[in-house]
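Me: Hi! I'm new to this one and would like to look around it with you. Can we go through it piece by piece?

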Amino acid sequence: MLDLIIKGGTVVDGTGSPGVVGDVGISGGKITAVGEVGEAAAQVIDADALVVAPGFIDAHTHYDAQLFWDPLASPSNEHGVTTVLGGNCGFTLAPLKADDADYIRRMMAKVEGMPLPALEQGLPWSWSSFAEYLDALEGRIGVNAGFLVGHSALRRFVMGAEGTGNAASAEQVAEMVRLLHEALEAGGLGFSSSQSTTHSDGNNDPVPSYFADRDEMLALCGAVSDHPGTWLEFIITGCNAFFTDEEIDLMTQMSVRAQRSLNWNVLSHASTMMDRTLHQLRASDVAAEAGGRIVALSMPSIGGLKMSFGSYCALYLLPNWGDVLYLDHDEKKAKLADPTVRQWLDEQARSSEGPFQFISTWANMEIGDTYAPENAGLTGRKVGDIAAERGVDPFDALLDIVVADDLRTALWPLSSDDIDVAWQQRADLWQDQRVLVGGSDAGAHLDRMCGARFPTEMLAQAVRDRGLLSMEECVRLLTDEPARLFGLKGRGRVAEGYCADLVVFNPDTVASGPIVERTDLPGSCERLYASAVGVEHVLVNGTEIITAGQPTGATPGTLLRSGRDTETVLP
């Protein structure tokens with residue numbers, strides 16, 4: 001007798017083949033039959049009029065910390081995600097020396113927007129090695145999860161405070177390489193690093209990996225080549241605008257040295273800057289000619305980014321804005337009220353060529369929560385409309401509201417690229433072999449964004465509402481495509497012998513619910529949250545983690561380890 005049959009659904013198997021009405025039989029956590037299944041089962045799920053697809057794979061998350069207080073990886077689980085990959089951007093919680101725990105916590109709080117009280121109260125901080133970190137999660141997670149080994153953690157472990165601002169000696173590089181070998185042998189999925197100027201630690205200094213020279217980078221990538229089922233992930237300053245030739249060469253040589261693919265985050269496409277997109281993708285072409293492989297991550301959803309002048313957010317990443325926004329509260333508030341400073345900030349913002357360029361369209365900013373009596377009634381309104389009523393410039397209208405609110409105003413930038421031509425260009429990019437759908441940052445920037453909702457947003461917007469992708473192609477991009485790039489054994493398809501990671505959803509209603517605020521983190525911290533609509537069942541290794549759209553609390557996830565759960569994919 002089978003453990004479970006999902007009966008009568010349209011099976012979209014992940015390969016891009018046309019969906020076929022049939023059954024899926026499951027036993028022992030694996031798919032045992034696809035088609036007409038006549039065998040009896042202990043449980044039957046009626047999937048009539050529903051789609052049965054492989055569980056979605058999120059290639060770029062920061063669930064490294066959250067899984068300790070939230071083993072279900074919410075809200076990704078509600079949106080059909082069954083596998084999450086973490087340890088990105090060079091930021092991991094191991095290896096770790098006890099004396100450095102506070103530094104690592106404060107770095108993660110700053111660079112990845114994880115509330116410090118949640119990090120302090122929600123994790124045991126009981127490990128030293130990367131192996132011990134993985135073991136602390138083993139057997140207690142609701143989704144499959146695997147982690148790259150972060151460069152900043154390696155550098156801090158070996159160099160301590162000297163890792164900030166200094167090049168490593170040959171002996172220190174050798175020790176980092178040794179630790180990386182040890183971590184990969186324990187199951188680390190590869191190596192991640194950041195040399196982006198947008199990444200700073202709790203002291204507002206560049207993160208440790210920023211100071212690595214080329215020899216250090218290539219030595220660490222060389223270590224990766226010795227371990228099966230591994231890959232590279234990297235962020236550099238040019239990811240936010242245009243790559244320099246030197247950056248393209250570095251990424252290429254990293255991939256060639258490791259003999260593994262390298263993915264970078266994130267390809268930010270704008271319809272008015274197609275030249276920038278083509279320039280960024282040239283890195284993939286250069287790498288291919290040299291025997292490497294570079295893949296850009298690209299997010300399919302638009303919007304959902306909350307900001308405030310009172311706390312760290314994307315505004316701080318606008319050119320030179322940190323000169324004002326890092327001031328203490330009263331001085332910052334005074335500067336924001338100064339017409340001369342306002343003019344300078346506006347000019348600086350408009351000079352941006354990075355992924356946050358759209359922010360400077362101030363008229364397209366939506367006002368969220370307000371606090372001052374004079375701002376009553378502005379919630380939900382666009383700054384441009386308010387400015388027109390007041391007869392002032394949109395940036396002045398925005399800052400008048402913010403200053404009156406003592407800098408607490410919640411702001412929601414709306415994309416000006418939500419137009420047909422831009423959507424078609426993005427859909428074309430998602431199907432480009434140089435691009436992978438992903439980059440959610442789920443588990444990070446918890447009070448500022450909710451990227452975890454991207455699978456249901458993509459199904460709703462790109463498939464049902466706009467008809468840019470077939471259901472089969474969209475599912476392939478969310479499942480088999482990342483599984484094959486990263487060599488995930490037995491995952492990403494609905495096929496006999498594969499792990500029973502499955503999502504059952506209603507194609508007529510699947511979508512993301514609205515983004516709301518929740519106070520459910522350790523330390524009573526807030527986060528943004530979006531539930532899913534139309535996702536009826538989610539299974540991980542044959543066990544339901546979502547039933548009738550609600551979490552079951554089950555924790556059947558596998559802690560993915562390189563070599564055992566992954567296989568090598570050469571460039």
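Me: How many residues of α17 are buried?
Reply: α17 is mostly covered, with 8 of its 8 residues buried. Buried means under 20% relative accessible area, exposed means over 50%, and partly exposed is in between (1.4 Å probe, protein chains only). Helices here are DSSP runs of H or I with at least four residues, numbered from the N terminus.

Me: Which ones are the buried residues of α17?
Reply: They are M471, E472, E473, C474, V475, R476, L477 and L478.

Me: Before we go on, what kind of model is this?
Reply: This is a predicted model, where local features need pLDDT of at least 70, side-chain atom pairs count only at pLDDT 80 or more, and totals for chains, interfaces and linings use all residues. Residues are numbered from 1 along each chain as its sequence is written, and side-chain values use heavy atoms, with hydrogens and water left out.

Me: Thanks! At what angle do α16 and α17 pack?
Reply: Helix α16 (residues 454-465) and helix α17 (residues 471-478) pack at about 155°, and their axes are 10 Å apart. The axes are lines fitted to C-alpha atoms over the stretch in contact, with angles from 0 to 180 degrees between N-to-C directions. That makes α16 roughly antiparallel to α17. The cut-offs are under 35 degrees for roughly parallel, over 145 for roughly antiparallel, 65 to 115 for roughly perpendicular, and oblique for the rest.

Me: Which residues make the contact?
Reply: From α16 there are F454, P455, M458, L459 and V463, and from α17 there are M471, C474, L477 and L478. Contact means heavy atoms within 4.5 Å. By class, this contact has 9 nonpolar, no polar and no charged residues. Nonpolar covers Ala, Val, Leu, Ile, Met, Phe, Trp, Tyr, Cys and Pro, charged covers Asp, Glu, Lys and Arg, and the others, Gly among them, are polar.

Me: And α5 with α6, what's the angle there?
Reply: About 125°, with the axes of α5 (residues 151-159) and α6 (residues 170-185) 9 Å apart. That makes α5 oblique to α6.

Me: Which residues meet there?
Reply: H151, L154, R155, F157, V158 and M159 in α5 meet Q172, E175, M176, L179 and L180 in α6. The contact of α5 with α6 has 7 nonpolar, 2 polar and 2 charged residues.

Me: New topic: how many aromatic pairs are there?
Reply: The count comes to 17 aromatic pairs. Rings of Phe, Tyr and Trp (its six-membered ring) pair if their centres lie within 6.5 Å, and planes under 30 degrees apart are stacked, over 60 edge-to-face and the rest tilted. One of the pairs is F68 with W127, which is stacked at 5.2 Å centre to centre and 20° between the planes. F68 lies in helix α1 (residues 66-69) and W127 in the loop between α3 (116-122) and α4 (130-137), so the pair ties together parts 59 residues apart in sequence.

Me: Are F68 and W127 buried or exposed?
Reply: Both F68 and W127 are buried. F68 also forms a tilted pair with Y133, at 6.0 Å centre to centre and 55° between the planes. Y133 lies in helix α4, so this pair ties together parts 65 residues apart in sequence.

Me: Which residues form the aromatic cluster with F68?
Reply: W125, W127, F130, Y133 and F147 form one aromatic cluster with F68.

Me: Last one: where does V403 lie?
Reply: V403 lies in helix α14 (residues 394-404) and is buried, with a relative accessible area of 17%. Leaving aside neighbours within four places in sequence, V403 is in contact with K333, L336, A337 and R342.

Key
Helices (H or I, at least four residues) and strands (E, at least two) are DSSP runs, numbered from the N terminus.
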